[in-house]
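The tour below goes from one selection to the next.

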Amino acid sequence: MAAVAAVLSAQPEPQKLVYTGELGTLYRIAAVNLLLSILTLGFYRFWGRAKLRRYLWGSMVLDGDAFEWDGTGWEMCRSFLIVSAIALVLSAPAYALTLAGPAYAEQLAAYQTLLGLVIMMLIGAATMLGLRYRLSRSRWRGIRGDLEGSPWAYSWRNFGWLLAHAPTLFLIHPLATIDLRRWLIRRVRPGTVTLECHARAGAVYPAFFGTIALSIALLALFFALLFGGIVTGAVVGVLSDVSQEEVEEIGFVVGLVLMLLVLAAWPCASAIYHASLFRHLAATTRGGGLTFVTEVSGARLFWLRFSNFLILGITLGIGLPFVWHRRARFLAANLAVLGLEDAHLIGQAAGRPTRSAEGLLEVLDLGAV
Amino acid sequence: LIPARYYDGRRARSHDVRLRAEGELLLIDTPDGVPLANWPLREIERAGSWEGRGPFALTCRTGPDARLILADARSAEAIRGLAPQLSEVDRRDRRRAFRMVALGVVAAVLTVALVYEGAPRWLAAAIPSSWLAPLGDSLLEGLKEGHSLCTDGEGRLRLERLANRLAASAGHHGHIRVDLLDWNEVNAFALPGDRIVILKGILRSGDPGELAGVLAHEVGHVVNRHVNEAVVRALGIQFLLTFFTGTGDFASAAAVLTSLGYSRAAEAQADRFAVEALRAEGFQVAGLRRFFQRLALEGEGEIIPSWLSTHPRSADRAAAIPDDPAGVDAFTPAELLAIRAACQ
């Protein structure tokens with residue numbers, strides 16, 4: 001028994017990620033960025049984004065050392081300009097066919113379908129190029145990250161899974177997600193570390209079905225409230241002195257709130273699935289003596305998303321820096337790393353950091369990815 | 001001696017170090033005095049964010065993967081004293097932001113001047129109207145949804161004949177096509193490709209002078225190439241919005257084209273054209289005046305202050321047209337009957 005106790009006490013403690021950001025500083029950065037972006041017709045946003053990332057990355061501390069973002073505004077701007085120029089060339093035939101009138105409607109539709117397919121195909125490449133850029137500009141103790149592998153190989157894989165979604169009524173989603181994340185994680189290189197990932201879709205399916213059930217329940221509840229509101233409004237309108245206009249005004253406000261809640265239903269309900277996915281990926285990923293620990297629960301992620309949604313709605317977007325702050329705090333509170341006592345063995349990432357940035361992600365408007 | 005942590009950029013191994021300057025170099029030694037690295041003071045740069053309370057990280061251009069992590073703001077101040085370029089970063093950032101704002105203002109002025117005023121005017125003159133005919137057809141298809149063209153008898157031709165006569169008097173080459181649409185709104189449009197559409201609602205008053213005035217106004221838009229200008233402007237604005245803000249998509253240009261509008265100056269120019277062209281052909285101009293007076297009485301557009309609206313106020317437009325009874329009606333009663341009969 002004493003021997004067991006000795007072994008347990010020798011077990012290294014997981015190192016929690018610590019978030020040290022200050023809300024006031026975040027607001028100051030966001031306000032300056034917004035003002036300068038307006039005054040420069042949006043062009044400052046790249047430099048603003050670099051500044052914000054430098055601060056957020058620098059506010060994440062692991063084992064006493066902060067992360068670092070060393071990307072620049074110019075490289076993001078340059079990437080956006082290059083991809084925009086290509087997008088302009090690709091959309092020129094659509095312009096020409098639109099101007100050519102209804103006689104070319106069929107050709108226009110065919111071209112737009114083709115363009116749509118190309119864009120769908122590019123989603124994977126955009127995601128991977130964006131992730132590679134972010135990893136290559138992130139450092140910890142001077143060590144850079146990287147992402148190996150071909151963006152085109154990932155693109156085809158992603159495209160195949162996207163096409164498989166509709167025929168399977170989206171039930172294939174967890175299988176696709178696990179396959180794609182596993183593929184990416186195995187190619188992530190924090191310095192010289194090679195990560196292994198043995199995630200299996202079966203582990204996240206129960207949470208996926210739970211999310212679907214909760215979404216349906218939430219939607220049913222909202223529609224019941226909506227229906228109840230309409231009936232109550234009609235009865236009150238008939239029986240009381242409240243004028244028809246007042247009933248309509250109240251109905252409009254209530255309807256708006258309910259509509260916003262319906263919009264929030266899936267992102268909030270999917271917290272169950274996403275928390276499960278995050279837990280499973282963390283538990284099945286290891287490399288270089290490092291393992292990852294998270295206890296994030298669906299309920300906590302649900303509350304984070306729902307409260308963030310309310311903050312953004314009530315403040316009409318002014319609360320966005322507060323939302324970033326809460327997300328960063330949440331990530332830090334729910335992720336820890338084991339095995340950092342061997343971190344000194346991690347070497348610098350091989351090869352030169354990528355030159356391409358996130359232009360494709362931005363032009364395809366896939367920031368959320 | 002300034003305490004710090006040092007990472008050599010090859011391994012993630014942490015070294016407690018003491019920093020001191022000697023000549024042009026920053027010496028990085030262990031607490032026992034073992035030298036680990038020397039950085040030229042002039043080559044030292046900030047790494048990561050120096051916002052808030054730190055930590056404050058440094059790197060060196062001669063070995064950009066290596067990092068020095070300063071323990072606190074006091075250490076950061078001490079290093080700033082040794083390497084003044086570290087304080088330059090803030091000033092450089094401010095100068096860059098100022099330059100970008102200045103560029104933004106110049107770009108905004110140029111955008112207004114070129115995309116809103118200059119380029120549409122030059123390009124409108126250069127683009128043959130026939131190129132835009134398919135777009136006109138497409139917009140007419142949109143207008144026709146739920147309505148039909150009035151094609152009975154000679155009515156449409158009477159309108160077209162007057163439109164081309166007025167246009168020719170101003171030296172316009174090419175044929176203007178006029179269509180009458182079975183739609184009870186009081187409105188008329190000039191479309192790309194030298195096309196005009198008159199809505200049936202205009203015929204309701206039974207005043208031939210009003211009808212001729214409105215038609216002459218639309219001919220003014222065609223002759224002065226306002227339609228081509230509006231197309232170029234709409235496409236240009238859509239393109240710039242997409243390019244500068246990174247939002248929207250290039251394909252939605254088609255949607256923008258459906259909301260073509262003219263500037264107040266263009267509306268006034270079309271009004272002046274109508275008066276001059278009708279007079280030149282010996283027709284009465286008071287009909288257009290009556291039309292605007294009627295619109296003003298019906299309260300059109302009065303909610304929006306005139307300087308905000310793209311169209312000048314109807315009352316102002318009526319006042320700008322001379323109250324001149326000279327000239328004959330552009331349409332005889334028989335012609336007007338034929339035009340109205342087209343929509344029966």
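Is Gly149(A) buried, partly exposed or exposed? Select Gly149(A): its relative accessible area is 35%, so it is partly exposed (buried means under 20% relative accessible area, exposed over 50%, partly exposed in between, with a 1.4 Å probe and protein chains only).

Before going on, note that this is a predicted model, in which local features need pLDDT of at least 70, side-chain atom pairs count only at pLDDT 80 or more, and totals for chains, interfaces and linings use all residues. Residues are numbered from 1 along each chain as its sequence is written, chains are lettered from A and ligands numbered from 1 in the order in which they are written, and side-chain values use heavy atoms, without hydrogens and water.

Stay with Gly149(A), which sits in the chain A loop between strand S5 (143–147) and helix H6 (151–165). Helices (H or I, at least four residues) and strands (E, at least two) are DSSP runs, numbered from the N terminus. Leaving aside residues up to four places away in sequence, Gly149(A) touches Met128(A), Arg132(A) and Arg187(A); contact means heavy atoms within 4.5 Å.

Next, select helix H9 (residues 244–269) of chain A, where Leu256(A) is found. Leu256(A) has 41% relative accessibility and therefore counts as partly exposed.

Zoom out to chain A as a whole. It has 13 helices and 10 strands, and its C-alpha trace spans about 80 × 65 × 45 Å along the principal axes. Of its 369 residues, 45% count as buried. Among contacts in chain A between residues at least 6 apart in sequence, 75% join residues at least 24 apart.

Move to chain B and select strands S8, S10 and S9, which in that order form an open sheet with mixed pairing. Two strands pair if DSSP finds at least two bridges between them. At the edges are strand S8 (177–181) and strand S9 (188–191) of chain B, each pairing on one side only. Strand S10 (residues 195–199) of chain B runs antiparallel to S9(B), and four bridges join them. Within this pair, look for Ala190(B), which stands opposite Ile196(B) in S10(B).

Last, show helix H3 (residues 133–143) of chain B, which packs on the sheet and touches S8, S9 and S10 of chain B.

Key:
Axes fitted to C-alpha atoms, helices over the stretch in contact; angles between N-to-C directions.
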